[in-house]
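Here are a few friendly notes on the two ligand sites, for you to read alongside the model.

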Amino acid sequence: MGGEESTDGDLLDAYPFLVRTAVVSGAGAAEGAPFDYTAPIPEPGRPSGTGRHPTAGPATPAPYDYAADEGAGAGAKGSPSGPLGWAQARGRALRAVVRPLPPVRLPFADALGAALAAPLEALTDLPAFDTSAMDGWAVSGPGPWRIGPARPDNSDQLLAGRGSTVPLPDGTAVRIATGAQLPPGATAVLRREDGGVRRDRNGAELLHDRGGNPLEQGRDIRPRGQECRTGEPLLPQGTTVTPAVLGLAAAAGCDLLTVHRRPTVELLVLGDELLDSGLPGAGRTRDALSPLLPPWLRAHGARISAVRRVGDDLGLLRDALRRSPADVVVTTGGTAAGPVDYLHRALAEVGAELLVDGVRVRPGHPMLLAVLPPVEGRDGPRHLVGLPGNPLAAVAGVVTLAEPLLRALAGFPRTATYLVEAAVPLPGHPTDTRLLPVVLPERGAVPLAFDGPAMLRGLALAEGLAVVPPGGVAAGTRVEVLEVPAG
Ligand SMILES: Nc1nc2c(c(=O)[nH]1)N[C@H]1C(S)=C(S)[C@@H](COP(=O)(O)OP(=O)(O)OC[C@H]3O[C@@H](n4cnc5c(N)ncnc54)[C@H](O)[C@@H]3O)O[C@H]1N2
Ligand code: MOO
């Protein structure tokens with residue numbers, strides 16, 4: 001993230017309206033008008049630090065401690081006493097999971113993206129045999145070396161994939177390819193470009209070392225077990241199975257991987273006004289969340305079992321919640337108190353237990369987390385994450401509640417925290433945490449415009465979401481930045 005030579009500077013210079021104009025002065029305020037959660041509207045032209053935007057705030061915010069103050073702000077079962085703080089809500093989502101989902105043994109393609117449920121152990125020494133690291137000759141003892149006579153097992157040329165148990169006598173050499181198993185008695189490999197072959201007067205081939213340095217014992221040999229020994233742990237439990245992990249597991253002799261089962265997620269997209277394709281208009285809005293959420297949730301370990309649109313109907317929603325076989329049901333919309341916002345009622349009617357009912361975060365404050373009652377024929381708890389309908393607010397719900405919950409179920413370690421300096425003052429909400437789409441050029445986090453709860457334009461360009469504590473922070477303050485998945 002950030003740090004390296006990037007094009008962000010050029011991009012922001014070319015399109016200044018992309019930068020949040022309340023923070024970075026410049027032209028384009030109209031197009032880039034920032035979403036302002038707070039009353040006094042900033043007055044243009046006033047120097048910074050005079051009330052134009054909040055610059056106060058701790059010099060370095062304390063890292064969020066998700067384990068902190070559990071219990072505060074929550075009441076009895078099914079009735080959290082009010083919105084939780086942002087870090088507290090994340091902690092609640094994390095601890096909603098008692099243990100990760102059970103281990104399964106899966107072939108490589110199915111294990112990709114899951115977390116190892118046990119350390120990955122080598123089933124072999126690696127390399128499994130002494131191997132030539134170069135094309136050339138395997139030699140025995142000091143040179144020059146005689147090539148031949150013919151070897152009894154026809155191993156006059158040792159190619160990769162072919163071993164030989166015929167020892168190489170002292171003072172002799174045999175051609176060898178990179179990756180081939182060395183014959184017993186070989187003491188080094190002479191590279192092809194360093195070898196000169198001449199015939200002696202009896203017609204026998206003699207190999208000379210024309211390389212600059214003396215050929216010391218072991219040169220260009222990869223000894224058996226150089227990388228690992230049989231039974232050695234290669235990767236700890238909890239490691240994400242990446243393409244590189246698949247390669248290592250294959251090299252180490254594995255055919256199946258022991259990983260935590262990934263949580264299944266059923267995504268229920270609520271809203272009669274939503275369109276699946278074509279142009280919005282006449283009161284209809286394109287559904288932006290069906291394309292956005294599945295890959296985002298997958299990046300945190302989810303397996304999307306279904307994406308379904310549910311009309312604004314209490315009965316339909318209640319039945320969908322009752323029956324879903326998924327480990328986690330994610331809903332979008334219907335969290336607020338509008339005339340067709342049925343989520344709370346549906347949850348009450350199915351007997352769900354609310355763990356989080358509102359979070360002091362902007363956008364996204366009506367987000368919620370609940371435990372759904374068991375479904376017949378299915379073991380294990382079911383959870384529900386209720387995301388607000390406004391798209392950026394829904395993303396705030398993902399990073400606050402869905403991500404810790406899914407990662408805990410999938411057996412991943414906690415999300416890594418990045419602390420990045422604010423390049424400019426980052427505006428905050430007076431009392432709530434604020435999640436702000438930012439780019440991360442070398443100079444630090446720069447907030448993007450078009451950051452309103454119903455907008456995705458800032459997020460689509462963002463390299464992260466800055467976690468801005470209440471009141472905002474001054475330039476130079478280090479803030480936590482959450483990753484925005486790339487794919
Ligand atoms: N009286 C109040 N009204 C609202 C409050 C409040 O505190 N008091 N909070 C506002 C905030 S903040 C949010 S966020 C929303 C949350 O609303 P819901 O979760 O009930 O969502 P909906 O009402 O269903 O939709 C809100 C908005 O988002 C659009 N939407 C919904 N789904 C999608 C989708 N898949 N793709 C694109 N856009 C979507 C929907 O059309 C609405 O425009 O409530 C505020 N109101
Ligand atoms: O907080 Mo709402 O969740 O701003 O869009």
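1. The shell around ligand 2 holds 5 nonpolar, 3 polar and no charged residues; here Ala, Val, Leu, Ile, Met, Phe, Trp, Tyr, Cys and Pro count as nonpolar, Asp, Glu, Lys and Arg as charged, and the others, Gly among them, as polar. This is a predicted model, where local features need pLDDT of at least 70, side-chain atom pairs count only at pLDDT 80 or more, and totals for chains, interfaces and linings use all residues. Residues are numbered from 1 along each chain as its sequence is written, chains are lettered from A and ligands numbered from 1 in the order in which they are written, and side-chain values use heavy atoms, with hydrogens and water left out.

2. Ligand 2 is surrounded by 8 residues (a heavy atom within 4 Å), and the closest are Gly364, His365, Asn390, Ala393 and Pro453.

3. Asn390 takes part through an N or O atom of its side chain, 3.3 Å from an oxygen atom of ligand 2.

4. Turning to ligand 1, Glu273, Asp287, Ala288, Thr335 and Ala336 come nearest among the 18 residues around it. By class, this shell has 8 nonpolar, 6 polar and 4 charged residues.

5. Backbone atoms also meet ligand 1: a polar one of Ala288 is 2.9 Å from a ligand nitrogen, and a polar one of Gly334 is 3.1 Å from a ligand oxygen. For Asn390, a polar backbone atom is 3.2 Å from an oxygen atom of ligand 1.

How values were computed: A polar contact is a pair of N or O atoms within 3.5 Å; within protein, one must be able to donate a hydrogen and the other to accept it, and residues adjacent in sequence count only if both atoms are side-chain atoms.
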